[in-house]
Amino acid sequence: MDRNTVVGLLLIFCIVLGVSFYNSSQQKKAQEQKALEQLEQVLKSDDDETMRRLDDEKDSPVTSPSSPLLPHSSPLTSPFYRPDTITTPVYVVETEKAIYHFSKFGGDLKFAQLKDIYAYAQKGEEKPLLVLFDGKNNTMNMELMLQNQMIVKTQTCFFASEQPDLMVVDKNNNTLSLKLYPLQEGECAGDSYIEYLYTFKNDDYSFGFQINFVNMQNYLYPNTNVFTLQWAAALENVERNFDYEKNITTIYYMDVLNKVDELSPTKEDKKTPSQLKWVSFKQQFFTTVLIADSGYFSSGQLTTDTRTAAPVLKNLTAHLDFDAKSLYNGSFDMTMYLGPNQYKLLRTYDLNLERQVPIGWGFFLLHWINRGAVIPVFDWLSQYAISYGIIILILTILLKLILMPVAYKTYLSSARMRVLKPEIEEISAKYPKQEDAMKKQQATMALYRSAGVNPMSGCLPVLLQMPILIAMFRFFPSAYELRQQPFLWADDLSTYDSVWNFGVNIPFYGDHVSLFCLLMTVATLIYTWLNNKMMTMGNQDQMKMMRIMMYLMPIMFLGIFNSFSSGLTYYYFLVNIITFVQMWIFRMGVNEDKIHARLKANMAKPKEKSKWQTRMEEMVKQQQMQQKKK
């Protein structure tokens with residue numbers, strides 16, 4: 001390996017190290033989450049919590065904020081209809097994809113369990129079905145101003161329905177209508193109401209959400225058409241690596257110009273964008289998106305709160321303003337998606353939802369490599385129902401075959417530099433003194449010029465391979481397809497493969513041993529040792545420093561990648577192994593004696609100096625003259 005290859009590897013190390021610290025924010029020790037409760041236990045706790053809240057709120061007054069515009073006194077009874085008895089606290093909707101619970105108080109989604117996806121569990125333990133909302137830590141509320149300027153929160157109001165409490169979605173039964181009725185002289189005003197209308201598809205992770213205002217002009221404050229939907233959720237950990245999932249959990253949003261942005265995933269953040277098409281609460285592999293179908297949300301206040309403890313990842317809130325047009329007969333249409341943060345699935349909605357999958361969107365070349373090459377090949381291979389470990393192997397071989405001409409050019413450049421070792425040693429012997437360093441450099445450059453060797457020619461192939469390596473660094477940790485996919489000793493290729501837990505955290509390394517990461521490091525050290533045997537350039541001090549740096553990088557990688565996706569470290573391990581095979585093939589096919597003879601023949605030919613070479617020689621002569629004068 002020559003100096004140019006070393007420079008290229010150093011650049012790779014610096015970029016990968018920078019991206020690693022940016023994404024994981026110097027990840028702390030990985031914490032293994034506790035297994036989630038079974039469905040029956042979750043439903044029971046949900047029902048108990050809701051019933052307790054109903055009992056507490058049954059006779060509570062509607063409160064008003066302390067404001068000079070609003071009265072400080074509150075009525076003793078609710079201005080909205082409420083039954084005397086409530087048998088069940090929720091309306092349950094079941095599709096092929098999920099089970100949803102909508103609270104009778106508030107009318108909003110309280111519980112969402114995906115029927116075909118499982119949460120993480122320790123190896124050997126039964127995996128529970130994945131619960132995105134648990135019934136306690138998520139709300140969707142509107143504050144309604146009545147004509148007497150009293151404020152009422154919808155989350156404390158009863159939403160009635162003529163439909164049964166349990167609905168299984170089919171072709172003839174796919175809507176749930178929940179209505180909030182105002183009271184008129186103690187009785188329900190049946191022709192006036194606020195309706196939450198939910199529309200479901202049996203085989204879809206999304207459902208329609210429509211807010212309708214019908215004949216509410218006599219109850220709500222006049223000339224008020226703009227309302228604020230207050231959405232809040234405390235997202236809980238559902239993957240193995242709590243710290244990693246927390247560091248990439250945040251809020252995404254897109255405006256009407258199709259520009260997708262996000263709040264900082266690593267610190268508390270707040271933004272107030274306007275004209276929003278959709279807003280999402282995004283975790284590592286799952287996302288909940290609220291999409292405006294009736295135009296857009298006129299403005300939004302988005303905040304993330306990181307001051308949480310396990311199992312809560314972050315507290316996310318979104319206050320979204322929308323225009324209902326009219327209190328007499330106005331509405332606002334939305335769609336809510338609760339499902340996998342999977343690139344090919346989100347792309348089918350044609351709303352740039354796939355931009356939530358972090359495949360290098362901030363870097364033009366990276367996301368095009370993933371979108372145009374890696375993801376299509378990955379999806380194509382996935383159709384054959386083979387192990388994802390084998391798919392990664394095939395993908396690695398295909399990428400190395402495509403890059404083989406580049407690798408071959410790099411090897412030839414290194415071979416040309418290597419066969420000039422006798423000539424380089426003669427120049428070093430001719431100018432042994434430190435003060436002759438300029439003459440030595442000039443003679444070395446003259447040797448390269450006469451031999452027709454460009455010392456920088458090995459850098460370009462290395463730089464061309466760097467985007468592939470970095471693209472893979474972004475792809476594997478975000479590939480939903482790898483979630484809970486086992487291979488060899490790894491039970492989940494989307495997270496680290498722990499084969500031994502220490503029980504204590506070792507600074508910079510962690511509390512476990514990732515075997516794929518260890519194999520990757522060993523393979524990199526062997527690759528470094530083989531290349532050091534072939535390095536011939538530079539003086540001994542430079543060579544010593546380069547060797548130290550080259551052996552230090554794999555050790556750094558061991559700490560950086562120990563808690564990363566095992567699919568990623570497995571890929572880098574395969575890259576090293578296939579590179580060994582490539583080097584052996586190139587060495588068998590390249591005759592270095594013939595290369596040396598060809599370079600000798602080049603040296604014997606007369607060379608015309610370019611203008612640039614002439615200027616460089618003049619500059620060197622002037623420097624030498626100045627040194628003599630001193």
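Visitor: What is Leu129 in contact with, leaving aside its neighbours within four places in sequence?

Guide: The list is Gln113, Leu114, Lys115, Ile117, Tyr118 and Ala119. Contact here means heavy atoms within 4.5 Å. Keep in mind that this is a predicted model: local features need pLDDT of at least 70 and side-chain atom pairs count only at pLDDT 80 or more, while totals for chains, interfaces and linings use all residues. Residues are numbered from 1 along each chain as its sequence is written, and side-chain values use heavy atoms, with hydrogens and water left out.

Visitor: How far apart are Leu129 and Leu114, in sequence and in space?

Guide: They sit 15 residues apart in sequence, with 6.6 Å from C-alpha to C-alpha.

Visitor: Why is Leu129 called partly exposed?

Guide: Its relative accessible area is 24%. Buried means under 20%, exposed means over 50%, and partly exposed is what lies in between (1.4 Å probe, protein chains only). So 24% makes Leu129 partly exposed.

Visitor: Where is Leu129 placed?

Guide: Leu129 is in strand β4. Strands are DSSP runs of E, at least two residues; helices are runs of H or I, at least four residues; both are numbered from the N terminus.

Visitor: What order do the 5 strands of the open sheet take?

Guide: They go β4-β3-β2-β1-β7, with mixed pairing. Two strands pair if DSSP finds at least two bridges between them.

Visitor: What makes β4 and β7 stand at the edges?

Guide: β4 (129-134) and β7 (166-168) have a single partner strand each, so one side of each has no neighbour in the sheet. On average, neighbouring strands here are turned by 15 degrees against each other, direction ignored. For angles, axes are lines fitted to C-alpha atoms, for helices over the stretch in contact, and values run from 0 to 180 degrees between N-to-C directions.

Visitor: How do you know that β1 and β2 count as paired?

Guide: There are 5 bridges between β1 (residues 90-94) and β2 (residues 98-103), which run antiparallel. The rule asks for at least two, so they pair. As an example, Val92 has His101 in β2 as its bridge partner.

Visitor: What makes strand β23 largely enclosed?

Guide: 5 of the 5 residues in β23 (residues 510-514) are buried, so the rest of the structure largely encloses it. β23 pairs with β22 (residues 498-506) in the antiparallel sense over 4 bridges, and Trp500 has Val513 in β23 as its bridge partner. β22 and β23 form a hairpin with 3 residues between them.

Visitor: What is the phi of Phe508, in the turn of that hairpin?

Guide: Phe508 has a positive phi of about 75 degrees. Most residues other than glycine have a negative phi, and most peptide bonds are trans. Leu488 also has a positive phi, near 55 degrees. Leu488 lies in the loop between α10 (459-478) and β22.

Visitor: Which peptide bond is cis, with omega near 10 degrees?

Guide: The one from Ala310 to Pro311. Pro311 is in the loop between β19 (297-305) and β20 (312-323).

Visitor: What makes Gly360 buried?

Guide: Its relative accessible area is 0%, so Gly360 falls under the 20% limit. Gly360 belongs to the loop between α4 (343-347) and α5 (364-382). Leaving aside neighbours within four places in sequence, Gly360 is in contact with Leu366, His367 and Arg474. Phe475 is 115 residues away along the chain, yet the C-alpha atoms of Gly360 and Phe475 are separated by 8.1 Å.

Visitor: How many helices and strands does the protein have?

Guide: 15 helices and 23 strands. Of its 630 residues, 52% count as buried.
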